[in-house]
Amino acid sequence: MLLLVVVSACGIRPTDPIPGLEAPSGPVENTSPALYWVSEGRVVAVNRPQGSLSGYDVVALLAQGPTAAEQNRGLTTEVPFDAAPASVDRVANGLDVSISTDVSLLSKAAVQQIVCTLLGIQAVGTVNLRGGGHSLEYIKCA
């Protein structure tokens, strides 16, 4: 009985719930991005140092091509240099991406480089790619 009294008398009194902020929701941006390069006709992910990238940065980096070290490993890009600058906007189904070149002229690998890199940074569904008066809708990373 004495033990019950000692344990129940710990000095903490019951209180009402304490209100707080809402829990975070929505997609999380990947701060350790991978860029997608072309190797032997396939699109492959290559990790980059930690740091946040915007959509503009991604398209510009893909258009500039891989680093010398990545080139020595046989990696290339099919994203044309004139694809940048680009804009990326969040929409209900994913991302709207507008690039500075005609998307109908992009190779399948170039489209996948852009889409996979962007969705790797922020996994939000699909990408709508626009440029040069044309569009490619609801693209996923394949």
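Two strands count as paired if DSSP finds at least two bridges between them. By this criterion, the predicted model contains an open sheet of 4 strands. The strand order is β3-β4-β5-β6, and the pairing is mixed. The edges of the sheet are formed by β3 (87-91) and β6 (134-139), each of which pairs on one side only. From one strand to the next, the twist averages 15°. In general, strands of a sheet pair through backbone hydrogen bonds, in either a parallel or an antiparallel sense.

The pairing of β3 with β4 (residues 94-98) is antiparallel. It extends over 5 bridges. Ser-87 has Ser-98 in β4 as its bridge partner.

Charged side chains were examined next. Side chains of opposite charge can pair when their charged atoms come close. A search of the whole structure finds 2 salt bridges. One of them links Arg-130 to Asp-96, with the closest N and O atoms 2.7 Å apart. Arg-130 lies in strand β5 (residues 126-131) and Asp-96 in strand β4, so this pair ties together parts that are 34 residues apart in sequence.

Arg-130 also forms a salt bridge with Glu-137. Here the closest N and O atoms are 3.1 Å apart. Arg-130 has a relative accessible area of 28% and is partly exposed. Glu-137, at 33%, is partly exposed as well. Through shared partners, the salt bridges join Asp-96, Arg-130 and Glu-137 into one network.

Key: Residues numbered from 1 in each chain as written. Predicted model: local features only at pLDDT ≥ 70, side-chain atom pairs only at ≥ 80, totals over all residues. Heavy atoms only, no water. Helix = DSSP H or I, 4+ residues; strand = E, 2+ residues; numbered from the N terminus. Axes fitted to C-alpha atoms, helices over the stretch in contact; angles between N-to-C directions. Salt bridge = Lys/Arg side-chain N within 4 Å of Asp/Glu carboxyl O. Buried < 20%, exposed > 50% of the residue type's maximum accessible area, 1.4 Å probe, protein only.
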